[in-house]
Amino acid sequence: MRAFGLVAVTIALIISACSTPAAPPPGVAEPTVDPGFVHGTDGGGTDRLAATVVTDVQRYWAQAYPETFGSPWRDLDGGFFSVDTNDATGTAPPCASDPREVEGNAYYCQSVDAIAWDRAALLPVLREHYGDTAVAVVLSHEIGHAVQQRAGLADGEPLRLESMADCYAGSFLRWVSDGRAPHLRTSPDRLDDALRAITVFRDPVGTSGHGTAFDRVTAFQQGFDSGPRGCAQVRESEVAEPTDADPNAPLASVLDTTAIADYFGDVVTERGGRWVPPARAARCAGASGPVGFCPSPPTVAADPAGLAGTHDDVGDQAVTTLIASRYALAALTELGHRPTGAAISCLTGAFTAAQPHLSPGDLDEAVRIVLESDAVSRGGGTPMSGFDRIASFRDGVRSGSGGCLT
């Protein structure tokens, strides 16, 4: 019995992985599908949402599967199973011997072509912290494994299979975002919640299975941007396989920006500009927040007190990323480019990828702060969503600075 599923997580992990955004507004779904077809359902709101999601996902694949693979779609033969993991006496779903095995999890059971989810300790917590879109992402990912099984793509390296399922989930969410789903609706801020949920289920440092946060958001956005046709060609991890957790460098050493200034100096001089490293200060006039850039005189502000929380809660690379974004803005100014949030985020990604000995944990810290903090793109005119910041950051990681300045 082969099962593809999320890495099991506890409620504590989901809560701790959530940064500090306000609680999401009401969900994105109009849950009008009766969950009576779901085995083990209690008929409540959580299962009603889940039933609505899997109904719309299968409707999506009824259209997209023939277009992608040239044969008709077949709805799941084995059905859907809602599990109350608080009830140890309940009936276990396929691919499990005890209801408690499903705790904090959702999975596709290939042997019977079925999906199971934990309605007690997974879906309600996802809804509370990330909104209904998170449930749509999780269940569309699992049905993505059913797509692989039907298309003859279910064998292979686990990380690639999981990335492919993330890509399929992204293609489904694009269909929802375009207003084509019968029941589900979403919006740009809800897509940010979708990426937050994806990063919760990243591989812990030192393990490998579902991919890093960067792997997962990359695959999801590939599907969102390009549809399901290219999902079988999703890339492997962008950085070396996770090893041991990197120690968090002291804040004082992170605030030494010599290497950042040198990198952006090279970017400017290679393009015929003249680079004088900006002055450094804890604050400068006109800047807001813990980091800033003031053009006259050119000054990068980095407030140790304001950055201490980010350093302790997210990590040293998150602080480096925030500061690098201000040097990116300084470089664009020196080159006479009109700063945009996309260009700033892209150059920040290019700097991140150019760092020697960049680890998967470092890249995940960068992804988290780019997603959560609009400070990364500040100074670029129209505010950007976290989803768009991540897309531009990824462009820089892959293309380098040259791709950000064309």
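Aromatic pairs, in which rings of Phe, Tyr and Trp (its six-membered ring) have centres within 6.5 Å, number 15 in this structure. The model is predicted, so local features need pLDDT of at least 70 and side-chain atom pairs count only at pLDDT 80 or more, while totals for chains, interfaces and linings use all residues. Residues are numbered from 1 along each chain as its sequence is written, and side-chain values use heavy atoms, with hydrogens and water left out. The secondary structure of the chain comes to 15 helices and 7 strands, where helices (H or I, at least four residues) and strands (E, at least two) are DSSP runs numbered from the N terminus.

**Aromatic rings**

- Planes under 30 degrees apart count as stacked, over 60 as edge-to-face and the rest as tilted; phenylalanine 264 and phenylalanine 351 form a stacked pair, with 5.9 Å from centre to centre and 25° between the planes.
- Phenylalanine 264 belongs to helix α9 (residues 258-269) and phenylalanine 351 to helix α12, so this pair ties together parts that are 87 residues apart in sequence.
- Buried means under 20% relative accessible area, exposed over 50% and partly exposed in between, with a 1.4 Å probe and protein chains only; phenylalanine 264 counts as buried at 0% relative accessibility, and phenylalanine 351 is buried with a relative accessible area of 5%.
- A cluster linked by ring pairs contains Tyr60, Trp61, Tyr65, Phe69, Trp73, Tyr168, Phe172 and Trp175.
- A charge sits over a ring if NZ of Lys or CZ of Arg is within 6 Å of the ring centre and within 35 degrees of the ring normal; arginine 150 lies over the face of tryptophan 73 in this way, at 4.8 Å from the ring centre.

**Disulfides**

- A search of the whole structure finds 4 disulfides, each being a pair of cysteine sulfur atoms within 2.5 Å; when the bonded cysteines of the chain are numbered in sequence order, the pairing reads 1-2, 3-4, 5-6, 7-8.
- Cysteine 95 and cysteine 109 form a disulfide with their sulfur atoms 2.0 Å apart, and this link is right-handed, with 65° about the S-S bond.
- Cysteine 95 is found in the loop between β2 (79-83) and β3 (106-109), whereas cysteine 109 is in strand β3, so the pair ties together parts that are 14 residues apart in sequence.
- Cysteine 95 counts as buried at 18% relative accessibility, and cysteine 109 is buried with a relative accessible area of 1%.
- The sulfur atoms of cysteine 167 and cysteine 231 are likewise joined in a disulfide, 2.0 Å apart, and this link is left-handed, with -75° about the S-S bond.
- That pair links distant parts of the chain, 64 residues apart, with cysteine 167 in helix α5 (residues 158-177) and cysteine 231 in the loop between α7 (213-226) and α8 (251-254); both cysteine 167 and cysteine 231 are buried.
- Cysteine 346 is joined to cysteine 404 by a disulfide with an S to S distance of 2.0 Å, and the torsion about the S-S bond is about -80°, so the disulfide is left-handed.
- Because cysteine 346 lies in helix α12 (residues 341-354) and cysteine 404 in helix α15 (residues 401-404), the pair ties together parts that are 58 residues apart in sequence.
- Cysteine 346 is buried with a relative accessible area of 6%, and cysteine 404 is buried with a relative accessible area of 11%.

**An open sheet and the helix across it**

- Strands of a sheet pair through backbone hydrogen bonds, either parallel or antiparallel.
- Two strands pair if DSSP finds at least two bridges between them; an open sheet of 3 strands has the order β5-β7-β6, with mixed pairing.
- The edges of this sheet are β5 (279-281) and β6 (291-295), each with a single partner strand, so one side of each is left without a neighbour in the sheet.
- Axes are lines fitted to C-alpha atoms, for helices over the stretch in contact, and angles run from 0 to 180 degrees between N-to-C directions; neighbouring strands of this sheet are turned by 20° against each other on average, direction ignored.
- β6 pairs with strand β7 (residues 298-302) in the antiparallel sense over 5 bridges, and cysteine 294 stands opposite threonine 299 in β7.
- Helix α11 (residues 316-334) lies across β5, β6 and β7 and runs at about 15° to β6.

**The chain as a whole**

- Of the 406 residues in the chain, buried residues make up 56%.
- Contact means heavy atoms within 4.5 Å; among the contacts in the chain with a separation of 6 or more, residues 24 or more positions apart account for 69%.
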